[in-house]
Amino acid sequence: MCVESTHSQACHHEKNLIPDIVFFVLSATLSGLSCIPLRSASTMETTMTALFFSEALYHLLVLMLSLSRGVHSVPVPTDLPLCMASEPAQYSLTFSGKWTRAAFPKQYPVYRPPAQWSNLIGVTHSLDYHMWQRNEFASNGVREFAEKSEAWTLMKEVETAGERIQSVYGLLSAPAVVGGTGQMDTEFEVFARHSLMSFMVRIVPSPDWFVGVDSINLCDGDKWKESVTLELFPYDAGTDSGFTFSSPNFETIPQDRITQITSSYPSHPVNSFFYPRLKHLPPIAKVKLTKIKKTNQIISLPLEPTQSNLLPTGNEIEEKLINTPLDCEVSVWSPWGLCKGKCGDSGVQHRTRYVIMHPANNGAACPLLEEERKCIPDNCL
């Protein structure tokens, strides 16, 4: 699908300010940018070389015109350097779960269902697309995936973005991990025009919690990065108000923004990730992206998501075991009971409390669960 870009609309609006010859060159360049269809990998490499020069020419022309004419309706992106790589690159992605009972002892789910990870879904894309963003509202597709692990709507959103603004190149996925630890793997391809990669994995069970990466740039100037390793922390999609892993469905109205869950936020003792003694939560997962060395074999990117899986064989995390201390949590005291004793003598009354959370990993021990005090019996005859 071919649509006019916002840049070309802005330049058309300012046509009366630009000499005809410059406007013609700029319009031709932009038309080449906005009307590139999604192609297979066998033809995409040639397209990307031409596309790089077109995009570079566009930024140069806009910058020169802005300085000389004071045209400010077409901003030049400055938050991401232009990728100069002339050839595509292929990467392997390895997702490793680090969700252990030792690292996250509070309410660690052991059944119905036990701690595990959903399938991974991700995209390679350009700067003008985001699968999800911190402090922004989740789309319907992100909402369904974060709450139910259902990816159909999210995949349709990705497809629509690719058709409308040519911002998405490839879709990638990997199978679920049955357990809090273990690995899943997949491979994908990136081009200079689509050098960013984003993905999501749902935390199961949870209300709407997930881990992932938003727009990691794999390009560094004119080269592709050899390896990138990132530690992952939980996010709240802002669509369900549950506090614990096993909370029932409780829709957030109005919808909140996507926020990172920390050891102190949300600040509620019931929250499954609330560890007030910790400054930071330990990472709950890790992802490693490794550039695959080229061979003489021609690799084409399939239209369907690529996936492979390394079945977990126990705790495959090589780092030292993390033991997060969990302090004992007790209820408030009950009211004082009846004063028991003989008339004319002092009596005794009791009150009790119970354990909400037992300590773990050398956390603070539980305090006394029963108290007594002297009293004077009432209503003595």
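In this predicted model, six strands form an open sheet, and the pairing is antiparallel. The strand order is β3-β2-β5-β6-β10-β11. Strands β3 (168–174) and β11 (259–260) stand at the edges. Each has a single partner strand, so one side of each is left without a neighbour in the sheet. Helix α4, spanning residues 140–148, packs on this sheet. The helix touches β2 (116–125), β5 (196–204) and β6. The direction of α4 makes about 40° with that of β5.

Strands of a sheet pair through backbone hydrogen bonds, in either a parallel or an antiparallel arrangement. At the level of residues, W209 has D236 in β10 as its bridge partner.

A further open sheet is built from 4 strands. Its order is β4-β1-β12-β9, and the pairing is antiparallel. The edge strands are β4 (181–190) and β9 (227–232). Each of these edge strands pairs on one side only. From one strand to the next, the twist averages 15°.

Within the sheet of 4 strands, β1 lies next to β4 in the order. Strand β1 comprises residues 89–98. Strands β1 and β4 pair in the antiparallel sense over 10 bridges. For S96, the bridge partner in β4 is Q183.

Conventions:
Residues are numbered from 1 along each chain as its sequence is written. This is a predicted model: local features need pLDDT of at least 70, side-chain atom pairs count only at pLDDT 80 or more; totals for chains, interfaces and linings use all residues. Side-chain values use heavy atoms; hydrogens and water are left out. Two strands pair if DSSP finds at least two bridges between them. Helices (H or I, at least four residues) and strands (E, at least two) are DSSP runs, numbered from the N terminus. Contact means heavy atoms within 4.5 Å. Axes are lines fitted to C-alpha atoms, for helices over the stretch in contact, and angles run from 0 to 180 degrees between N-to-C directions.
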